[in-house]
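The sequence and coordinates come first.

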Amino acid sequence: MFLALRELRFARGRFLLMGSVVALMAALSVILSGLSSGLVDHGVSGLRDMRADSFAFDESVTSDQFSRSTVDVAAVAAWKDAKGVTDAAPVGSALVHAESDAGVQFSAALFGITEGSFLEPDLVDGDSVGARENGVVISDGIAADGIGIGDVITIDRIGTELTVVGTTGSASYGHVAIVYLPLATWQEVAYGIPGEVPSSAYEIATAIALQHDGELADTEVAGTAAISKQESFNASPGYEAETSTMLLIQVFLYVISALVVGAFFTVWTVQRQPEIALLKAMGASSGYVVRDALAQVLVVLLGATALGGAAGWALGAAMPEGMPFVLETIPVLTGFALIIVLGAAGALVAIRQITRVDPLTALGGAR
Amino acid sequence: MTAALTLTDVTLTLPAGDETVTALDHVSLEVAKGELLAIVGPSGSGKSSLLAVAGALMPPTSGSVVVGGQELTGASRTRLSRIRGDLIGFVFQSTNLLPSLTARDQLLMVPHMASGIRAEHRAKADELLASVGMSHRADRRPAQLSGGERQRVGIARALMGDPQVLLVDEPTSALDHARADEVVALLAERAHATGTACVMVTHDLEVLTHTDRVLRMHDGVLGALPAAVLG
């Protein structure tokens, strides 16, 4: 590090430029990571938080199942008998517009559940779903609009009136907050026509939520096909498109940072060739010069990533409420590690040229 | 006196396009401890090849090179590198200092590469800088030094590792006469004081007054200097 640190100080202008690029990439990686986690949260945290291991949908529906699938509630009994399944419960889902009695309009995801089933959300306040007729539990997003326990919300299209009886955490689904309501009420909403509802309407759900030990032995039961909860994220609106886009952007960022660092150190190593030849003529081994150069790379990468990362984190923490932005330590640190490891790998390709420098060139041209 | 550097029947052929050029042609040479030997000759005569072979930078095609009792012929690259560090000091043409290091750090680089810097190395560096009259410039970088001052630092650096053999390549090519004279006088004084065998390659005939012996290189053949050349 003797030479490495002195060179950093001597060529501080160049290294500062280079370090700034790495720092900006680190900041960008924090923001992308936050946005990515935030989008996942906004998209499927309502599903993720459910105490289900798998969901069984109508077997003929293979995409966007949460909007398209319709199953018979009778399948619950069949699933309870299936091998490995410890519990099963119907769930209905729908995306609706609603209005509170105070005139606040909002979009919401309806999750119809049976009272007392394992799908009941954890309550922050109030009573559970169905504590009174058409009693519902709302998640934070709706509570943030000023709606609270005791308020009445009206489903747009058919005028079904629901009374808020409890609140749960920050769950959301398809980028809107969630209203947990009794399955029967969901069935009435899903039937879609006010007034007398035929008894057949009370026989449907969107899916059967399953709890099971280990892998499911049989994934197809009573005309329904089960997929894991993780797989079911792809069945929710926009999830796959969002996550794959974010992933692509992040992959690009890391590839670019490796190339930028590699390119800088390629030029730097070429510039230093006479000095490297000199060091070798003086008896330095290739290993000594490579170690010194690598130490220099790591100082730049670690310093720049720490500074840029801190700036990105501060920026992220200052994001306005309501942005899909969640800072999670592990993905953010993984991003930093990738920038450092890939950057060092890029630089290592450049630094390898050191081993090929012939100390003889230190003697000057004329032989 | 014992020889610090011995070349016995050394031949070096180098590829030049499709042909080969004989850069050193059966060269034999002994340099005693504390002796300053100058080798003169036109460019392309093989002077630098001689330094490269004696300095463990290139293996000879045939013949034997012994530095401080160590045979170089047939040694591995790693071993040659170690020999360069332990037994040989180089003084290169004008600009071969590391631009990012102060004069003192140029010297401290040498023990850092070998083992790590200890207090005695710092004392020795200061002592060497004093011996070449550069104490007052110890904290300057090369860009802040004159050509003569750079060569003084270069000489001090070459002596930092207590070499058996000091190899000096055209030390005065970028200097005016007065500075060139000073630098060669310093080399002679240091060689005599430290007992280091010193081989200086030059085509500057005016600096030869300080040397103990002068040989001439011509087309790869090493021989005595015709008296006429010195006038």
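Contact here means heavy atoms within 4.5 Å. The model is predicted.

## Helix 6 of chain A

Helix 6 of chain A spans residues 183-191, and its buried residues are A:Leu183, A:Thr185, A:Trp186, A:Gln187 and A:Val189.

Just after helix 6 of chain A comes A:Gly192, with a positive phi of about 90°.

## The sheet of chain B

Chain B has an open sheet of 6 strands with mixed pairing, in the order 6-7-8-3-9-10. Strand 6 (88-91) and strand 10 (221-224) of chain B are the edge strands, each pairing on one side only. From one strand to the next, the twist averages 25°.

Strand 3 (residues 36-40) and strand 9 (residues 213-218) of chain B run parallel and are joined by 4 bridges. B:Val40 has B:Arg216, in strand 9 of chain B, as its bridge partner. Helix 1 (residues 47-54) of chain B lies across strands 3, 6, 7, 8 and 9 of chain B. Its direction is at about 150° to strand 7 (165-169) of chain B.

## Salt bridges

Over all chains, a search of the whole structure finds 15 salt bridges. Side chains of opposite charge can pair when their charged atoms come close. One of the salt bridges joins A:Arg6 to B:Asp105, with the closest N and O atoms 2.7 Å apart. This pair crosses between chains, from helix 1 (residues 2-10) of chain A to helix 3 (residues 103-114) of chain B. B:Asp105 has a relative accessibility of 11%, so it counts as buried.

Within chain B, B:Glu149 forms a salt bridge with B:Arg137, the closest N and O atoms being 2.9 Å apart. B:Glu149 lies in helix 5 (residues 147-160) of chain B and B:Arg137 in the loop between helix 4 (119-131) and helix 5, so the pair ties together parts 12 residues apart in sequence. B:Glu149 counts as buried because its relative accessibility is 15%, while B:Arg137, at 22%, counts as partly exposed. A network of salt bridges links B:Arg104, B:Asp126 and B:Asp139.

In chain A, A:Arg68 and A:Asp64 form a salt bridge whose closest N and O atoms are 3.7 Å apart. A:Arg68 is exposed, at 51% relative accessible area, and A:Asp64 is partly exposed, at 30%.

Terms used:
Residues are numbered from 1 along each chain as its sequence is written. Chains are lettered from A and ligands numbered from 1 in the order in which they are written. This is a predicted model: local features need pLDDT of at least 70, side-chain atom pairs count only at pLDDT 80 or more; totals for chains, interfaces and linings use all residues. Side-chain values use heavy atoms; hydrogens and water are left out. Two strands pair if DSSP finds at least two bridges between them. Helices (H or I, at least four residues) and strands (E, at least two) are DSSP runs, numbered from the N terminus. Axes are lines fitted to C-alpha atoms, for helices over the stretch in contact, and angles run from 0 to 180 degrees between N-to-C directions. Buried means under 20% relative accessible area, exposed over 50%, partly exposed in between (1.4 Å probe, protein chains only). A salt bridge is a side-chain nitrogen of Lys or Arg within 4 Å of a carboxyl oxygen of Asp or Glu.
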